[in-house]
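Please find below a note on the model under discussion.

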Amino acid sequence: MILLNPKSYAWTTLDEASRQLMLNTIWFFETKGKARLKHDDRERVWYTDFLDFVREQQAFARLMTPSGYGAPDSRWDTWRNCAFNEILGFYGLHYWYTWQVSMLGLGPIWMSDNEAVKQRTARLLQDGGIFAFGLSEKAHGADIYASDMTLTPQPGGGYLANGRKYYIGNANQAAIVSTFGKIASADPSTAMYPPEAPAMAQSPLRAGPSQPAPYVFFAVDSQHPNFELIQNVINVQSYVAEYALHDYPVGEDDILSRGAEAWDDALNTVNVCKYNLGWASIGICTHAFYEAINHAANRRLYGMAVTDFSHVRQMFVDAYARLTAMKLFAMRASDYMRSASDDDRRYLLYNPMVKMKVTSQGERVIDLLWDVIAAKGFEKSTYFEMATRDIRALPKLEGTVHVNIALIVKFMANYFFFPAAYPPVPPRTDASDDAYLFHQAPARGLGKVRFHDYSLAYASVDLPNVRLFRQQIDVFKRLLATATPNEAQQKDIDFLLAVGELFALVVYGQLILEAAPVHGVEDDFIDQIFDFLVRDFSAHALNLYSKPSATPDQMALCLEMIQRPVVDAARYSRVWEIVHVLNGLYEMNP
Ligand SMILES: Cc1cc2nc3c(=O)[nH]c(=O)nc-3n(C[C@H](O)[C@H](O)[C@H](O)COP(=O)(O)OP(=O)(O)OC[C@H]3O[C@@H](n4cnc5c(N)ncnc54)[C@H](O)[C@@H]3O)c2cc1C
């Protein structure tokens, strides 16, 4: 079983000190207990106890300081961070969120050339500091070109910052808020930027050339008197702030980056951190799964267990297959992120996929489980009740699903039609520092990124539903080649999103197949995963068929894509037996 069970998981791929950190984190939550966890969630208690634990264990300092700046065992090790991510999601999204927005805030700092701020940051992390990422503004949403936060140069040197930010996690206490804005007057050192937007290049919403924009990232102290903490915008344990800077003094030594670099650092930070959202979903679904199966398998209706209903079994099998797939995909995507270089930027496709596909699948898993446990999922004593709320957040944060699909379709032509040779990327569980993440290439040129041949993964197994899925892919590829979306369709985001969903499934299946043998996933399970992938592909094909602008040729090919998965009752029962065994395996301490 590849699912996390805090009471028996071994983390054998981690070094002893890191393994101990994971066990101590579990110990922290299990000692706190479920009743207290739920109380603090309900009463929106700021998590001082957790942050004290983080400081005592030097958790954020060890996990989020790149080699060379902090203690000897500090390194930015994505594999190790996956384990921590999953545990935090497992116990509560708010604990995960304070770690996540700290990571976002640290991105522009570790990417910066400002050595003094980097050294200070390493010390602040050791002091137990948390961090924040001040990008979003109330009026502008995803349109970060429009940022209003402004630095006005002062006659004696330095700047005064004025403006507001909205939805900024941790900004109530952050040691440094990495804040994004613009310098008011023209600055010859700033470039015309951005040369290419992340998701807008094909958008009808923003046509024409970019405007010159003197973007800047600067370090802000949330406790400074000119920093006004206006409100917590949301109604939960986390603090998601609206803040304003009023003539906030910014020296040259507070500047993290400017111009093209500041823009790239914003996008490259999000490129890395959006990956974590998938792990939060995996953690949430795993805990919810245990609660659901414990309840359903032990509840008797009409003289039988709820898990004896055929539809309940189907929902559990589907939920388990989807959750296993989520984890396999996220683990494999980590390998590519850790092996990235200027010559291998495949992670730029796989990371948004973790963000949008894994988190959307998380919603499916919770929906399935909730349909089984019904009223129980509302009870205040359950973890599940939090899961039903929190799982919804992840597809929406750090770019919505739409924004991320609009991003990945840029890779589609190269992915299908221009494969390139790469040396194999091995499983990356080594204890090394992922230094490239802070030296990524500029955020442009996405259409030039090349991928290895996806069909190699699909040819590596011979299973009925994988074969069927390959046939669906072949028809989709035929649609792209022979009934290519016309110019109007390529400008229609609604149409593009429908195409993007089909593309995403091909990539999803590929990395799942690459990961399955590494993690010892049996053929029965792989085939069960492809059972739902065949169904999902059919559903998205029907969606594309139904688009108002779909042409007769496209519609005919969409109908060809719609397939029924191969039924195998024996395989299904074997998978159900494995799922059923999860009953009673884990229950959080009261
Ligand atoms: C709890 C919470 C915590 C957050 N934490 C932070 C934080 O710490 N720091 C920070 O900077 N921000 C933070 N955010 C902001 C978050 O990243 C944004 O909410 C998110 O990027 C989406 O923006 P929006 O909700 O304003 O949607 P909008 O930008 O208003 O989008 C509206 C609609 O348009 C669609 N859309 C927009 N652009 C495109 C496009 N290019 N292509 C296709 N569709 C598009 C969207 O999918 C959406 O359906 C947080 C938000 C929340 C709710």
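This is a predicted model: local features need pLDDT of at least 70, side-chain atom pairs count only at pLDDT 80 or more; totals for chains, interfaces and linings use all residues.

1. The shell around the ligand takes at least three residues from each of domain 2 and domain 3. There are 23 residues around the ligand, and those that come nearest are L135, S136, G141, A142 and T400. Two or more residues of this shell are given by β3 (159-169) and by α11 (401-408). Sorted by class, the shell holds 15 nonpolar, seven polar and one charged residues.

2. For helix α5 (residues 93-110) and helix α6 (residues 115-126), the angle is about 145° and the axes are 9 Å apart. On the α5 side the contact is made by L106, I109 and W110, which meet V117, K118 and T121 of α6. The residues of this contact comprise four nonpolar, one polar and one charged.

3. The second pair is helix α14 (residues 464-482) with helix α18 (residues 552-561), whose axes cross at roughly 170° and come within 9 Å. Angles over 145 degrees count as roughly antiparallel, and α14 and α18 are therefore described as roughly antiparallel to each other. Here Q472, V475, F476, R478 and L479 of α14 meet Q554, L557, E560 and M561 of α18. Five nonpolar, two polar and two charged residues make up the contact of α14 with α18.

4. Q58 is not a glycine, yet its phi is positive, at about 55°. Q58 belongs to the loop between α2 (48-57) and α3 (59-64). Is Q58 buried or partly exposed? Q58 is classed as partly exposed because 18 other C-beta atoms lie within 10 Å, whereas a buried residue would have 20 or more.

5. A374 likewise has a positive phi, near 45°, in a residue other than glycine. The loop that holds A374 runs between α9 (347-373) and α10 (384-390). A374 counts as exposed because it has 11 C-beta neighbours inside 10 Å, the limit for an exposed residue being 12 or fewer.

Notes: Residues are numbered from 1 along each chain as its sequence is written. Axes are lines fitted to C-alpha atoms, for helices over the stretch in contact, and angles run from 0 to 180 degrees between N-to-C directions. Helices (H or I, at least four residues) and strands (E, at least two) are DSSP runs, numbered from the N terminus. Two residues are in contact if their C-beta atoms, placed from the backbone, lie within 7 Å. Ala, Val, Leu, Ile, Met, Phe, Trp, Tyr, Cys and Pro count as nonpolar, Asp, Glu, Lys and Arg as charged, and the others, Gly among them, as polar. A residue is near a molecule or strand if its C-beta atom, placed from the backbone, lies within 6 Å of it. Domain bounds come from an automatic or database domain assignment. Angles under 35 degrees count as roughly parallel, over 145 as roughly antiparallel, 65 to 115 as roughly perpendicular and the rest as oblique.
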